[in-house]
Amino acid sequence: MTPHEREQGTRTRPDPLGDVRIGQVRSRTSLKWRFHPPDVLPLWVAEMDVLLAAPVAAALHDAVTRGDTGYAHGDDLARAFAGFARRRWGWEVDVARTALVPDVMTGVVEALRLVSGPGAAVVVNTPVYPPFRAFAERSGRRVVDVPLTAAGRLDLPALEAAYARERARGEVVHLLCSPQNPTGTVHTAAELTALAELAAARGVRVVADEVHAPLADAAAGFAPYLAHDPTGLGTALTSASKGWNLAGVPAALLLAGPAAAGDLARLPEEAGHGVAHLGVLAHAAAFRAGGEWLDGLLDGLARRRALLDALLAEHLPAVRRAPSRATYLAWLDCRDLGLGDDPARVLLERGRVALSAGHEFGPAGRGFARLNLATGEDVLTEAVRRMAAALDG
Ligand SMILES: Cc1ncc(COP(=O)(O)O)c(C=O)c1O
């Protein structure tokens, strides 16, 4: 029984990851499928091998049929998310303290601009989603790394020291990845509250990227940052793009705590200029009516994690992986394979299987690779077979 089944009952739900055959997804034209030559099995970029949840597909079909393809308007996405947040996490979102932004990373940059000026330090916790560094630097901020502990947790003493050190130099923002891509770490409510208090004591602002939150299974106990920030100073980003595979129809929400409402009010009109109306419709449908589909996905992901662990134990026992309960990403410690700092490169060249290069997630990722579990069991099995064959070759 998966943790989610224990929590939600033992009813078997359809597995969206079991619906798609490799022949179907191979014809896709997105980054995952077109970046590498066709003989490569792609388990890298964060796209899922699923068909759309029926309510999401219906919302898109309906809009296209009616030619409802104009500009985005209104708070329907925020209201849909508020309902989802209440049902899933018991979190009351104040729709008045939300704003539509085109996608998560655009929203992250807008949030950095609202709470800091150019030259500010942006604290990140590696290993972390590589664009955090790229976007922060491109917006004229300095990135300061406070790595996760060896156990993959937030290092609160090191954060406190970094806050103090960097505050002596100027403004500081902590860009938090919650849950963490690539490790799947779910930060606990206690950790988040402690972090919020440390940050407020030092005058550090927190921006929490929660795009992977719907992908935390029920037993993981995902804690929304704004719900556990007693200072009310936090801001957060959310989106249905990861949970329902909607990167191609993007939309996101920027949310502010009560004490950050004034910051949100300064969001310039042009920050919402590129919001895609189709994205808003699709994301609202996902949050409002995609819960059943998501539950099936979470069950399927729990099975993929177990399958991956069994396959690694059988074929690649030297590869280690900390247990995870969020995201569809598996963070593989390949340091004992003897493949150097970039095992993904060797596995691609010799095994024709594409994983994400661990070193791109920060220095702590040297010798690691990130595997995308959101695929069929046959593809996952073949991927591990190819990885093992690469070592023989
Ligand atoms: C932590 C994190 N933030 C943001 C994104 C990208 O979101 P968007 O495409 O909406 O900018 C991703 C994509 O994988 C991610 O993992």
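# Notebook: ligand site and aromatic pairs

**Entry 1, the ligand.** I began with the ligand and found that it sits in the largest pocket. A reminder to myself: this is a predicted model.

Which residues surround the ligand? I listed Ala46, Asp103, Val104, Met105, Tyr129, Cys177, Asn181, Asp209, Val211, His212, Ser241 and Lys242.

Next I looked up the polar atoms around the ligand's oxygens. An N or O atom in the side chain of His212 is 2.7 Å from a ligand oxygen. At Met105 the backbone takes part instead of the side chain: one of its polar backbone atoms lies 3.0 Å from an oxygen of the ligand. For Lys242, I noted 3.3 Å between an N or O atom of the side chain and a ligand oxygen. How much of the ligand does the protein cover? On its own the ligand has 400 Å² of accessible area, and the protein covers 90% of that.

I then turned to the rings. Searching the whole structure gave me 12 aromatic pairs. I picked out Trp244 with Phe287, whose ring centres are 5.4 Å apart and whose planes stand at 75 degrees, making the pair edge-to-face. The planes pass the cut-off of over 60 degrees for that label.

Where do these two residues lie? Trp244 is in the loop between β7 (235-238) and β8 (252-256), while Phe287 belongs to helix α11 (residues 277-289), so the pair ties together parts that are 43 residues apart in sequence. I also checked their burial, and both Trp244 and Phe287 are buried.

Ring pairs link Trp244 and Phe287 with Phe81, Phe84, Trp89, Trp91 and Phe222 into a cluster.

I went on to strand β9 (residues 329-333), where Asp333 is found. Is Asp333 buried or exposed? Its relative accessible area is 6%, so I wrote it down as buried. Its side chain has a polar contact of 2.7 Å with the side chain of Arg335.

My last stop was Val45, in the loop between β1 (41-42) and α4 (54-66). Val45 has a relative accessible area of 19%, so it counts as buried; the cut-off is under 20%. Val45 and Asp209 are 164 residues apart in sequence, and their C-alpha atoms are 18 Å apart in space.

Note on methods:
Residues numbered from 1 in each chain as written. Predicted model: local features only at pLDDT ≥ 70, side-chain atom pairs only at ≥ 80, totals over all residues. Heavy atoms only, no water. Phe/Tyr/Trp six-rings, centres within 6.5 Å; stacked < 30°, edge-to-face > 60°. Helix = DSSP H or I, 4+ residues; strand = E, 2+ residues; numbered from the N terminus. Buried < 20%, exposed > 50% of the residue type's maximum accessible area, 1.4 Å probe, protein only. Near = heavy atom within 4 Å. Polar contact = N/O pair within 3.5 Å; in protein donor to acceptor, adjacent residues only side chain to side chain. Areas by Shrake-Rupley, 256 points an atom, 1.4 Å probe, with all protein chains shown as cover. 1 Å grid on protein atoms, 1.4 Å probe; cavity = no way out; pocket = protein on both sides within 12 Å on 5 of 7 lines; lining within 4 Å. Sits in = over half its atoms within 2 Å of the grid points.
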